[in-house]
Amino acid sequence: MEEAEVIVVGAGPAGASAAVHLARAGVDVLLLEKSRFPRDKVCGDGLTPRAVRQLLRMGIDIDAPGWNRSRGMRWVCGDRQVVIDWPDLGRFPDFGLTRSRHDFDDILANHAAASGARLRTEVKATGPLTDRAGRITGVSAGAGPEGRPVEYRAPLVVAAEGASARTALAMGLDRDPRRQLATAARRYYRSPELSKDEYLELWADLRCPRTGRDLPGYGWIFPLGDGRVNVGLGALPHRNHGAVDLRATLDQWLARLPRDWGLTEENADSPLRSAALPMGFNRHPQYGRGLLLVGDSAGMISPWSGEGIAQAMEAAEIAAETVALALTRAPGQGREHVLRRYPEEIRRRWGRYYRLGNTAADHLFSRFGYRPLLNEHVMARPGLVGSLARLLTELMDDPPRDVADHMLRTVLRMVPAARRRR
């Protein structure tokens with residue numbers, strides 16, 4: 001048995017970031033990861049300036065080999081395309097990054113260990129340990145390839161296990177059935193020319209071969225700078241329209257692309273892999289009985305864009321700050337009062353933005369995709385497309401600095417605040 005002040009379950013972007021901030025605050029933290037590093041994850045591998053800001057706050061060396069910078073996005077819809085540079089804002093850098101999750105997570109986990117966290121790999125949490133009142137006091141786990149039984153104990157646990165959310169489910173926190181689950185699929189291709197592109201490319205006019213409907217999502221081509229590109233699709237199918245055949249949709253899309261791009265079967269560098277995307281805060285509460293949820297375990301993926309890494313790392317920092325402050329108080333009501341501020345701060349930062357995004361996802365994206373937003377009239381106005389891009393990626397200054405900021409902040413202020421959950 002090992003003991004700590006805090007246990008973090010899962011060493012992806014959310015868990016590793018939480019461990020970094022906790023360790024830097026002087027908290028004794030155990031970081032448990034079921035796999036060995038490096039290990040792969042299904043992801044677009046694209047990081048917006050919002051995510052880059054979090055890497056800088058943690059002290060990650062983004063000038064080291066392997067990081068590929070992006071200048072912005074290129075939106076394609078029909079016969080039009082619009083190039084959008086990342087905005088020059090005071091809060092965020094003016095560039096994005098791409099890096100494969102194969103070593104991105106490895107870098108973050110090792111950074112957490114270098115910051116003082118006790119990293120334990122090949123440790124799969126099998127269930128929460130609780131006291132008589134039902135409060136979590138640690139986790140049971142299987143350690144090593146043989147799954148040797150072991151217990152880890154701490155008064156607080158941060159669950160960052162991704163979409164599986166095993167610890168949250170074992171504590172009775174089910175997924176909100178009103179929130180839909182998106183699906184993403186991606187594949188790597190060798191394409192030296194596309195790999196040098198300075199823009200993330202997104203396609204909003206793809207169709208599903210089986211139904212002929214617009215894809216309820218978009219396709220992407222993200223350059224990795226190492227001779228490869230990440231090509232994938234994200235879809236949020238409406239309940240009444242059935243599942244989307246992402247493989248057939250991808251094949252049909254690739255057949256449209258220029259042959260000299262090299263996105264062909266003989267240039268494939270990986271199998272097609274897919275994963276679920278828990279979106280729109282689909283699990284509540286984010287704190288209760290000693291357990292804090294961050295990242296995909298809480299369904300924090302943006303309903304606007306499907307981006308999840310930036311939100312995971314931001315929530316991890318908020319959770320770590322809350323926990324560090326709570327541990328200065330004795331167990332009891334004083335500590336609980338501080339810990340309950342975590343979901344309140346999440347709601348304050350993202351409540352209106354996610355509530356409006358969930359409405360857009362339910363009534364627009366899941367039914368018609370992104371084509372209605374990026375119709376020919378909108379695509380003919382690059383400034384308008386740029387404002388939409390800032391909304392989709394939540395790149396806004398606070399306080400507002402320009403017309404787009406003022407407009408987007410005004411829209412969000414008009415969204416009714418969600419009622420506080422018990």
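Modeller: Arg341, for example, sits in helix H8, which covers residues 341-368. What you see is a predicted model, where local features need pLDDT of at least 70 and side-chain atom pairs count only at pLDDT 80 or more, while totals for chains, interfaces and linings use all residues. Residues are numbered from 1 along each chain as its sequence is written, and side-chain values use heavy atoms, with hydrogens and water left out.

Biologist: Why does Arg341 count as partly exposed?

Modeller: Buried means under 20% relative accessible area, exposed means over 50%, and partly exposed is in between (1.4 Å probe, protein chains only). Arg341 comes out at 48% relative accessibility, so it counts as partly exposed. Also, its C-alpha atom is separated by 16 Å from that of Ala330, 11 residues apart along the chain.

Biologist: And His111, is it buried or exposed, and how do you know?

Modeller: His111 is in helix H3. Its relative accessible area is 18%, so it is buried. Its side chain also makes a polar contact of 3.4 Å with the side chain of Arg24.

Biologist: What makes that pair of His111 and Arg24 a polar contact?

Modeller: A polar contact is a pair of N or O atoms within 3.5 Å; within protein, one must be able to donate a hydrogen and the other to accept it, and residues adjacent in sequence count only if both atoms are side-chain atoms. The His111 and Arg24 side chains are joined at 3.4 Å. Plain contact means heavy atoms within 4.5 Å. Leaving aside neighbours within four places in sequence, His111 is in contact with Val20, Arg24, Met58, Gly59 and Ile60.

Biologist: Why do you call helix H1 largely enclosed?

Modeller: Because 11 of the 12 residues of H1 are buried. The buried ones include Pro13, Ser17 and His21. Among the elements covering them are strand S2 (6-9), helix H2 (49-58) and helix H3 (101-115).

Biologist: How do you know the length of H1 agrees with what it should span?

Modeller: The expected span of a helix is 1.5 Å times one less than its number of residues. The 12 residues of H1 (residues 13-24) should span 16 Å, and the end C-alpha atoms are 16 Å apart, so it agrees. Gly26, with a positive phi near 85°, follows H1.

Biologist: What about H10: how many of its residues are buried?

Modeller: Nine of the 12 residues of H10 are buried, so this helix is largely enclosed by the rest of the structure. They include Val385, Ala389 and Leu392. Helix H10 (residues 382-393) reaches 16 Å from its first C-alpha to its last, close to the 16 Å expected.

Biologist: What makes a set of residues a nonpolar core?

Modeller: It is a set of buried Ala, Val, Leu, Ile, Met, Phe, Trp, Tyr and Cys residues joined through side-chain atoms within 4.5 Å. The largest nonpolar core has 118 residues, and Val6, Ile7, Leu55, Trp75, Tyr152 and Tyr342 touch the most other members. Helix H6 (residues 309-326) gives the most to this core, with 11 residues. Leaving aside neighbours within four places in sequence, Trp75 has contacts that include Val385, Ala389 and Leu392.

Biologist: Which peptide bond involving Pro38 is cis?

Modeller: The bond joining Phe37 and Pro38, where omega is about -5°. Another cis bond joins His284 and Pro285, with omega about -10°. Most residues other than glycine have a negative phi, and most peptide bonds are trans.

Biologist: What is the phi of Asp45?

Modeller: Asp45 has a positive phi of about 70° although it is not a glycine. Asp45 lies in the loop between S3 and S4, and Pro38 is found in the loop between S3 and strand S4 (46-47) as well. At 1% relative accessibility, Asp45 counts as buried. Phe281, in the loop between S18 and S19, has a positive phi near 60°. At 8% relative accessibility, Phe281 counts as buried.

Technical notes: Helices (H or I, at least four residues) and strands (E, at least two) are DSSP runs, numbered from the N terminus.
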